[in-house]
Amino acid sequence: MSTKEYVKNLIKDPNIASITPTSKMGVREVCSKMDLSKKVVIVEYGPATGVFTNYLLKRITKDSLIIAIELNANFVEYLDKNVKDPRLKVHHDSAENILGIIKQYGVEKVDYVISGIPFSLLDEETRETIVKRTSHAIKKGGKFLPYQTFFQKDTHLMNYLEDYFPRAHDQFFFRNIPPMRIYEAIK
């Protein structure tokens, strides 16, 4: 997808978090928190043009699975046309529906959920629903790894993570435009 097309989607869709995709260094930083040396099931909320998706597909095992959940129909179409890999399943749906989506693949619990969806733009009920259902979808020892723009208030996400996960912390990552706040919530 060209930069022009990406910006058109940004203007039309208030759910897109950033004017630019995450930097390669930002992708590496978030993904470094996952063990990709064994079979894993990863759910990705808001894959957009697949920056994280493509990175992960190059590193996961042949028997691993990525389930991408994307609200923007243009991004769903782009991923379907441009990312051809049987380990990727793309859904035009909301992250709120994670439990039903993973069950379609006979999966009860996943290893990791990564998320670029902008929690600051969601209402309180939707934020809580997504975090709560995500916590139910992750197996013990698994992780929820949302990344957000650096100026997020704790009320946008951290407070919810602390409510639904035994351990949660964050870090700031400045080698991205805009800088990111990366969260790690461990089940």
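The protein contains 7 helices and 7 strands, taken as DSSP runs (helices H or I, at least four residues; strands E, at least two) numbered from the N terminus. Along the sequence the pattern reads α-α-β-α-β-α-β-α-β-α-β-α-β-β. The model is predicted: local features need pLDDT of at least 70, side-chain atom pairs count only at pLDDT 80 or more, and totals for chains, interfaces and linings use all residues. Residues are numbered from 1 along each chain as its sequence is written, and side-chain values use heavy atoms, without hydrogens and water.

Of the 187 residues, 53% count as buried (under 20% relative accessible area; exposed is over 50%, partly exposed in between; 1.4 Å probe, protein chains only). Contacts (heavy atoms within 4.5 Å) were also examined by sequence separation. Among those with a separation of 6 or more, 67% join residues 24 or more positions apart.

Tyr55 lies in helix α3 (residues 51-57). Tyr55 counts as buried because its relative accessibility is 18%. Beyond its neighbours within four places in sequence, Tyr55 contacts Val27, Arg28 and Cys31. Lys24 is 31 residues from Tyr55 in sequence, and their C-alpha atoms are 8.8 Å apart.

Glu124 belongs to helix α6. Its relative accessibility is 58%, so Glu124 counts as exposed.
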